[in-house]
Amino acid sequence: MSSLSFIFIGLMPILGVILCSYISGDFTFGGSFGNAFRKIRRNYFGVLINFIIAALIVNILQFGVDLFKASNAYFSIICVLASALTTYTYLALGRLMGTMYLDVKANNNGRIIIGNIHKSE
């Protein structure tokens, strides 16, 4: 199962754009697939690195909670920490997918630009 996590992380950029373009109402369900492949074509590896970093952070936090769980001390506190980590994981993943979709939607000549680059005149 651990080897499947790499495949899942590899598919997350494409699935994220598909879901976000459908949920935002920009495209129909079928049209969101074509939009995802057009938008992510040049940006795939940049977006993939964002998902890899997010997965690395979540795995490190999960490892820390698992270390405390193995000691069998303060079981109720560890259960609260584990559920808070699960909630944090889903919220962070959703925010990452939304931010990534907005960056890919702008698609400035195949580059992902984070932040405001417009100069005031």
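Lys69 lies in helix H3 of this predicted model. With a relative accessibility of 39%, Lys69 is partly exposed. Beyond its sequence neighbours up to four places away, Lys69 touches Ile78 and Ala82. Cys79 is 10 residues from Lys69 in sequence, and their C-alpha atoms are 8.3 Å apart. Lys69 also belongs to the H3 residues that meet H4.

Helix H3 covers residues 44–70, and helix H4 covers residues 75–106. The two axes come within 10 Å of each other. They cross at roughly 175 degrees. Angles over 145 degrees count as roughly antiparallel, and H3 is therefore roughly antiparallel to H4. On the H3 side, the contact is formed by Val47, Asn50, Phe51, Ala54, Val58, Leu61, Gln62, Val65, Phe68 and Lys69. On the H4 side, the residues are Ile78, Ala82, Leu85, Tyr88, Thr89, Leu93, Leu96, Met97, Met100 and Val104. By class, this contact holds 16 nonpolar, 3 polar and 1 charged residues.

Helix H3 has 27 residues. Its first and last C-alpha atoms are 38 Å apart, close to the 39 Å expected at 1.5 Å a residue. The buried residues of H3 are Tyr44, Val47, Leu48, Phe51, Ala55, Val58 and Val65. Val47, Phe51, Val58 and Val65 are buried and also take part in the contact with H4. Lys69, by contrast, is partly exposed at 39% relative accessibility, yet Lys69 is also among the residues of that contact. Just after H3, Asn72 adopts a positive phi of about 60 degrees.

Helix H4 also packs against helix H2. The axes of H2 and H4 are 9 Å apart, at an angle of about 75 degrees. Angles of 65 to 115 degrees count as roughly perpendicular, so H2 is roughly perpendicular to H4. From H2, the contact involves Asn35, Lys39 and Ile40. From H4, Met100, Tyr101, Val104 and Lys105 take part. The contact of H2 with H4 comprises 4 nonpolar, 1 polar and 2 charged residues.

Asn35 is located in helix H2. Its relative accessible area is 2%, and Asn35 is therefore buried. The cut-off for burial is under 20%. Leaving aside residues up to four places away in sequence, Asn35 touches Ser21, Phe27 and Tyr101.

Another residue of helix H4 is Gly98. At 26% relative accessibility, Gly98 is partly exposed. Gly98 and Cys20 are 78 residues apart along the chain, but their C-alpha atoms are separated by 6.6 Å.

The structure contains 3 aromatic pairs. In one of them, the ring centres of Tyr22 and Phe29 are 5.4 Å apart. Their planes meet at 80 degrees, so this pair is edge-to-face. Phe29 also pairs with Phe33, with ring centres 5.2 Å apart and planes at 90 degrees. An angle over 60 degrees counts as edge-to-face, so the pair of Phe29 and Phe33 is edge-to-face. Tyr22, Phe29 and Phe33 form one aromatic cluster.

Phe29 and Phe33 both lie in helix H2, which covers residues 29–40. They are 4 residues apart, about one turn of the helix. An α-helix has 3.6 residues a turn, so residues three or four places apart point the same way. Tyr22 is partly exposed at 42% relative accessibility. Phe29 is partly exposed as well, with a relative accessible area of 48%. For Phe33, a relative accessible area of 33% also counts as partly exposed.

From the N terminus, the order of elements is α-α-α-α. Of the 121 residues, 26% count as buried. Among contacts with a separation of 6 or more, 67% involve residues 24 or more positions apart.

How values were computed
Residues numbered from 1 in each chain as written. Predicted model: local features only at pLDDT ≥ 70, side-chain atom pairs only at ≥ 80, totals over all residues. Heavy atoms only, no water. Phe/Tyr/Trp six-rings, centres within 6.5 Å; stacked < 30°, edge-to-face > 60°. Buried < 20%, exposed > 50% of the residue type's maximum accessible area, 1.4 Å probe, protein only. Helix = DSSP H or I, 4+ residues; strand = E, 2+ residues; numbered from the N terminus. Axes fitted to C-alpha atoms, helices over the stretch in contact; angles between N-to-C directions. Parallel < 35°, antiparallel > 145°, perpendicular 65-115°, else oblique. Contact = heavy atoms within 4.5 Å. Nonpolar A, V, L, I, M, F, W, Y, C, P; charged D, E, K, R; others polar. Expected span 1.5 Å × (residues − 1).
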